[in-house]
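Take a look at the structure below. The notes after it walk through how the parts touch one another.

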Amino acid sequence: MSNIAKAFKNGKAFIPFITCGDPDLATTAAAVREAVKNGADLIELGIPFSDPTAEGPVIQGANLRALSGGVNTDMIFSFVRGLRTDVTVPMVFMTYANVVFSYGSEKFISTCAEIGIDGLILPDIPYEEKEEFLPLCHRYGVDLISLIAPTSENRVGMIAKDAEGFIYLVSSLGVTGERSKINTDLTAIVKTIRENTSVPCAIGFGISTPEQAKQMASLSDGAIVGSAIVRLLEKHGKDAPKYIGEYVKSMKDAIRDL
Amino acid sequence: MTNPHGRFGIHGGQYIPETLMNAVIELEEAYNHYKNDPEFNRELTGLLNDYAGRPSRLYYAEKMTKDLGGAKIYLKREDLNHTGAHKINNVLGQALLAKKMGKTRLIAETGAGQHGVATATAAALMGMECVVFMGEEDTIRQALNVYRMRLLGAEVVAVKTGTRTLKDAVSEAMREWTTRISDTHYCLGSVMGPHPFPTIVRDFQAVISKEIKEQMLEKEGRLPDAVLACVGGGSNAIGSFYNFIDDKDVRLIGCEAAGRGIDTFETAATISTGRLGIFHGMKSYFCQDSDGQIAPVYSISAGLDYPGVGPEHAYLYDIGRAEYVAITDDEAVNAFEYLSRTEGIIPAIESSHALAHAMKLAPTLSSDKIIVVTVSGRGDKDCAAIARYRGEDIYE
């Protein structure tokens with residue numbers, strides 16, 4: 001049983017995304033701890049990449065701030081080791097294939113397992129290319145998270161059948177970022193997912209308000225929020241963790257008892 | 001050369017967001033259908049011949065040959081195509097394919113602006129909407145081409161992220177494609193990106209080597225000893241090489257942009273300085289740092305200022321079938337001026353990289369050898385920038 005399953009045991013899951021090192025790792029650590037204290041069920045930690053092609057302007061900005069602050073992959077591994085002395089909720093990395101590949105895929109994935117990273121989200125690894133990392137993920141016990149998009153259509157069942165950890169259901173076309181409205185018919189996609197797997201499914205992209213989180217979590221097993229949290233970091237910098245704590249509480253309260 | 005999963009050896013693949021997967025699958029299916037469709041091929045050949053002006057000339061550069069004193073030099077004149085570069089070969093093919101697929105809108109990235117101009121041209125011709133993404137830095141370096149695209153009815157978006165050059169224009173075009181797929185075709189300009197683009201673009205550019213072969217047999221009764229072309233993503237080079245790959249006696253030489261030198265950080269010579277990675281939908285060689293962050297590359301040539309290289313080039317390099325050399329800004333500018341004075345042909349600064357290598361290579365070969373250099377585009381667009389490089393303060 002994947003450790004990630006724990007995240008879905010406390011009602012609907014709330015999953016915040018934070019870019020490591022934006023603006024520095026001490027702030028990221030404080031933000032993660034505030035999020036956990038206020039009800040986050042799973043933490044998605046971004047390893048910054050120079051050219052994040054699946055991100056909208058807000059998360060692109062976080063990647064740039066983190067890289068200009070000087071973080072690198074080794075520093076992020078040590079940082080996670082530190083977090084794991086007291087943070088017990090499941091944690092996954094979100095980054096791009098080249099960050100893993102360039103580090104040495106085996107060295108990267110075995111280190112993930114060793115420091116307590118439970119899964120990997122790689123938006124530029126679709127189903128057809130998962131063999132690049134999947135055998136190593138299986139060897140070391142790290143879940144390779146599958147993404148399903150509104151355009152997946154005939155692919156939903158195939159992807160869901162092989163999914164592990166949780167399924168990241170992308171709510172809308174386009175890149176990451178807050179949206180005033182989510183128009184995709186997600187009910188039908190979730191139904192197909194349920195018919196093919198018992199792995200939980202959380203929805204992300206475009207969610208920023210408690211009402212949206214409630215709407216998305218009622219269709220699925222949880223809500224993922226990135227840009228709205230990154231915006232707090234952009235606005236408050238090192239003072240952001242307490243605002244992130246308050247925000248996470250408002251979001252988790254909105255979906256806890258659905 | 002392509003296996004069923006879009007691989008060239010270990011290179012290539014489809015490293016893209018799930019959102020785009022059905023779009024590239026749809027494109028591959030449509031391409032596999034139309035590439036053998038007589039009606040499609042008749043229409044495309046008609047456009048290439050009557051609209052773009054093919055076949056392009058294979059010109060014996062006699063003065064250059066005599067001046068350099070060695071191998072006989074032929075120039076494949078892609079600069080004489082409509083819109084002034086080889087880019088139109090690929091664009092007419094993709095635009096026609098997109099139209100057959102029912103798409104009404106073309107998006108494209110551009111570096112020097114030649115691919116953007118070609119896409120805007122095809123969109124105007126076929127009555128399609130067109131949006132071109134161009135790094136802000138390049139909109140300044142190639143201001144004339146920005147005007148040409150707007151004149152042709154395209155919207156030009158100046159990309160302000162990253163290094164504000166070709167790499168960022170590709171990223172932004174990919175992001176745009178994920179927001180709007182149903183009516184939009186991403187008209188990728190080089191032999192790069194996810195499968196099937198490297199194969200589609202190669203096939204549409206392979207007309208260059210098909211013609212070189214026919215023209216060379218007609219003029220000389222034999223194949224050339226070497227074919228030279230500049231390489232950024234590598235579309236004119238693969239087009240120039242493709243029909244010679246099985247002719248093992250023909251040397252294939254790709255000329256990358258060394259910028260200020262391959263021992264500096266201000267270079268875009270991917271095969272000389274890069275290493276294996278995964279970016280922009282493909283596995284190939286990329287200029288990157290030890291953490292896999294893509295390097296901010298540099299070249300005087302906006303069209304070669306890209307941190308990666310097409311997967312088929314990476315493969316041809318791996319198996320030793322093609323050679324890749326690095327040419328500095330200075331060498332390219334010298335060749336730009338040299339060809340202008342010697343033959344009365346102003347080449348694009350991109351093509352000048354291949355000409356610069358020809359200037360080094362020809363004198364080392366005997367006079368019974370023949371080399372072909374692809375002049376991928378014309379250099380009018382570069383005149384102001386080269387003048388500034390030489391210290392003359394002129395603007396278009």
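Two residues are in contact here if their C-beta atoms, placed from the backbone, lie within 7 Å. Keep in mind that this is a predicted model.

Start with the place where the two chains meet. Chain A brings 32 residues to the contact, and chain B brings 26 residues. On the side of chain A that touches chain B, α2 (57-68), α4 (97-103) and β6 (146-148) of chain A each supply at least two residues. It's α4(A) that gives the most there, with six residues.

Now for chain B itself. Its domain assignment gives domain 1 (8-48 + 86-201) and domain 2 (55-84 + 206-389). Their centres, taken over C-alpha atoms, are 22 Å apart. Where these two domains of chain B touch, 40 residues of domain 1 are in contact with 41 residues of domain 2. On the domain 1 side, β2(B) gives the most, with five residues.

Here's how the residues of two of these sides divide:

What about the inside? The largest nonpolar core has 225 residues, and Ala223(A) and Ile371(B) have the most contacts inside it. This core draws at least three residues from each of domain 1 and domain 2 of chain B. Leaving aside neighbours within four places in sequence, Ile371(B) has contacts that include Ala71(B), Ile73(B), Pro224(B) and Leu361(B).

Methods:
Residues numbered from 1 in each chain as written. Chains lettered and ligands numbered in written order. Predicted model: local features only at pLDDT ≥ 70, side-chain atom pairs only at ≥ 80, totals over all residues. Helix = DSSP H or I, 4+ residues; strand = E, 2+ residues; numbered from the N terminus. Core = buried A, V, L, I, M, F, W, Y, C linked by C-beta atoms within 7 Å. Buried ≥ 20, exposed ≤ 12 C-beta atoms within 10 Å, placed from the backbone. Domains from an automatic or database assignment.
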